[in-house]
Amino acid sequence: MEKHHIIKEKKEKYVMMERDILNSLRHPNVIKLYGTFKDRDNLYFVLELAQGGELYDLIREHGTLCETAATFYAAEILNVLQYLHSKVCASSLF
């Protein structure tokens, strides 16, 4: 992530929140954050490899998902949302 863009868009707080949240989550459907570092111009998140890429890219490349695929991804997303909800209820993560 380019530092100047983060600062220009006033997103510093959100980048730090994303880092902290990813650091605290352990779920098979959430990409693991292994570490972060920065140089003069950029911030870097060292993330687990997502085989097949992101869902957004899949939809952009292939267009509308078939019903089976849409159902699968909806269930996966719901599973993660339930996990996040349990984390919020168990602690003050957010």
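## Tyr34 and Glu48

If neighbours within four places in sequence are left aside, Tyr34 is in contact (heavy atoms within 4.5 Å) with Val46, Leu47 and Glu48. Tyr34 belongs to strand E1, which covers residues 33–38; helices (H or I, at least four residues) and strands (E, at least two) are DSSP runs, numbered from the N terminus. With a relative accessibility of 56%, Tyr34 counts as exposed, on a scale where buried means under 20% relative accessible area, exposed means over 50%, and partly exposed lies in between (1.4 Å probe, protein chains only).

Glu48 sits in the loop between strand E2 (43–47) and helix H3 (55–62), and at 27% relative accessibility Glu48 counts as partly exposed. When residues up to four places away in sequence are not counted, Glu48 touches Val30, Ile31, Lys32 and Tyr34.

## Basis of the model

This is a predicted model, in which residues are numbered from 1 along each chain as its sequence is written, and in which local features need pLDDT of at least 70 and side-chain atom pairs count only at pLDDT 80 or more. Totals for chains, interfaces and linings use all residues, and side-chain values use heavy atoms, with hydrogens and water left out.

## Overall form

The protein has four helices and two strands, and from the N terminus on its elements follow the order α-α-β-β-α-α. Its radius of gyration is 16 Å, well over the 12 Å that the globule rule gives for 94 residues, so the protein is more spread out than a compact globule; the radius is taken over C-alpha atoms, and the rule is 2.2 Å times the number of residues to the power 0.38. Taken along the principal axes, the box filled by the C-alpha atoms is roughly 45 × 35 × 25 Å.

Of the 94 residues, 12% count as buried, and among contacts between residues at least 6 apart in sequence, 44% join residues at least 24 apart. The accessible surface comes to about 7600 Å², of which 58% belongs to carbon and sulfur atoms, as computed by the Shrake-Rupley method with a 1.4 Å probe. There are 12 positive and 13 negative side chains, and the centres of the two sets lie 9 Å apart; Lys and Arg count as positive and Asp and Glu as negative, whereas His and the chain ends are not counted. Each charge is placed at NZ of Lys, CZ of Arg, CG of Asp or CD of Glu.

## Aromatic pairs

Rings of Phe, Tyr and Trp (its six-membered ring) pair if their centres lie within 6.5 Å, and planes under 30 degrees apart count as stacked, over 60 as edge-to-face and the rest as tilted. By this rule the count is two aromatic pairs. Phe37 and Tyr44 form a stacked pair, 4.7 Å centre to centre with 20 degrees between the planes; Phe37 is partly exposed, with a relative accessible area of 48%, and Tyr44 is also partly exposed, at 29%.

Phe72 and Tyr73 form an edge-to-face pair, 5.1 Å centre to centre with 75 degrees between the planes. Phe72 has a relative accessible area of 45% and is partly exposed, as is Tyr73 at 27%.

## Helices and the loops beside them

Lys10 lies in the loop between helix H1 (3–8) and H2, where Lys10 has a positive phi of about 55 degrees although it is not a glycine; with a relative accessible area of 66%, Lys10 is exposed. Asn23 is part of helix H2 (residues 12–24) and is partly exposed, with a relative accessible area of 41%. From C-alpha to C-alpha, Asn23 and Leu33 are 5.9 Å apart in space and 10 residues apart in sequence.

Of the eight residues of H3, the number buried is zero, so H3 lies largely in the open. Just after H3, Gly63 takes a positive phi of about 80 degrees. Leu65 is found in the loop between H3 and helix H4 (67–90) and counts as partly exposed at 23% relative accessibility. Apart from neighbours within four places in sequence, Leu65 is in contact with Leu55, Leu58, Ile59, Ala70 and Tyr73.
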